[in-house]
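Biologist: Could you take me through the open space in this model, one step at a time? Please look closely at the lining, then at whatever surrounds it.

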Amino acid sequence: MSVKIRLQRHGKKQKPFYWVVAADARAKRDGKYLEKIGTYNPNTNPATIELNLDSAVKWLHNGAQPTDTAKAILSYKGALLKHHLDGGIRKGALTQEQADAKLAAWLEAKSGKVDAKKEGLTKAQADAKAKAFKAEQDVNAKRLAAAAQAEADAIAAATPAVEEVAEVEAEEAPAAEENNEETQA
């Protein structure tokens, strides 16, 4: 029986959620499995991966072959590195303490990179939000200025009309007086 470390799909439509499992190669994708090793959620950024490192390494030692995606996940979490270092211990090239120190240093560096990516995404999101808010404020200021200008133009347009009417009436009044004088004479 050949064993594969592969993904088993769960979740809703358009929202996949995977279990990382050790399963018989002849079993269906979402069928019977030997052991659940972890979970993988690609819906988050960065993807959320929970993995039982010791269990994954145990299956790798027993000859389980990971699929391409599972291999990428195992590499990301350090299971393949631990498997490689355990091979060095068996050959006598390393001691257990040296291997543990190398794995701990690698895991620390990896978590630093992941934290930096999370901070970068948070900062980028905050910058985008601030930029959108600034653009919205500019649009609102232009809209208010345009409304004030339109109101001022409307007032200005109404005021000259009243003055023109008064001027026309003032011009007509002397003409009316002249007509009155002519009619009286």
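Modeller: By class, 8 nonpolar, 2 polar and 3 charged residues make up the lining of the largest pocket. Keep in mind that this is a predicted model. The volume of the largest pocket is about 270 Å³. Its lining has 13 residues, and those closest to the centre are I49, Y76, K77, S111 and V114. Now ask which elements they come from. β4, α2 and α4 each give at least two residues to the lining of this pocket. The biggest contribution is from α4, with 5 residues.

Take α2 next. Helix α2 covers residues 68-77. A70, I73 and L74 are its buried residues. Viewed down the axis of α2, these buried residues fall within an arc of 100°, so they line one face of the helix. What do the buried residues of α2 pack against? Their partners are the strands β1 (3-12), β3, β4 (48-51) and β5 (65-66), along with the helices α1 (53-61) and α3 (79-91). Just after α2 comes G78, with a positive phi of about 95°.

Strand β3 spans residues 35-41, and N41 lies in it. Is N41 buried or exposed? Its relative accessibility is 17%, and buried means under 20%, so N41 counts as buried. The side chain of N41 reaches the backbone nitrogen of N43 at 3.1 Å. Leaving aside neighbours within four places in sequence, N41 is in contact with P16, F17, A47 and T48.

Rolling a probe the size of a water molecule over the atoms shows where empty space is left. The count comes to 1 cavity of 30 Å³ or more. The largest cavity holds about 30 Å³ of space. K82, L85, D86, Q96, A99, D100 and L103 line the largest cavity. By class, 3 of these are nonpolar, 1 is polar and 3 are charged. α3 and α4 (96-184) each supply at least two residues of this lining. The largest share, 4 residues, comes from α4. That brings us back to the pocket, where α4 also gives the most to the lining.

Notes: Residues are numbered from 1 along each chain as its sequence is written. This is a predicted model: local features need pLDDT of at least 70, side-chain atom pairs count only at pLDDT 80 or more; totals for chains, interfaces and linings use all residues. Side-chain values use heavy atoms; hydrogens and water are left out. Buried means under 20% relative accessible area, exposed over 50%, partly exposed in between (1.4 Å probe, protein chains only). A polar contact is a pair of N or O atoms within 3.5 Å; within protein, one must be able to donate a hydrogen and the other to accept it, and residues adjacent in sequence count only if both atoms are side-chain atoms. Contact means heavy atoms within 4.5 Å. The arc is that of the directions from the helix axis to the C-beta atoms. On a 1 Å grid over the protein atoms alone, a cavity is a set of points where a 1.4 Å probe fits but cannot get out, and a pocket is an open set with protein on both sides within 12 Å along at least five of seven lines; lining residues have an atom within 4 Å of a point. Grid points are joined across faces, edges and corners, and a volume is the space filled by probe spheres set on the points. Ala, Val, Leu, Ile, Met, Phe, Trp, Tyr, Cys and Pro count as nonpolar, Asp, Glu, Lys and Arg as charged, and the others, Gly among them, as polar.
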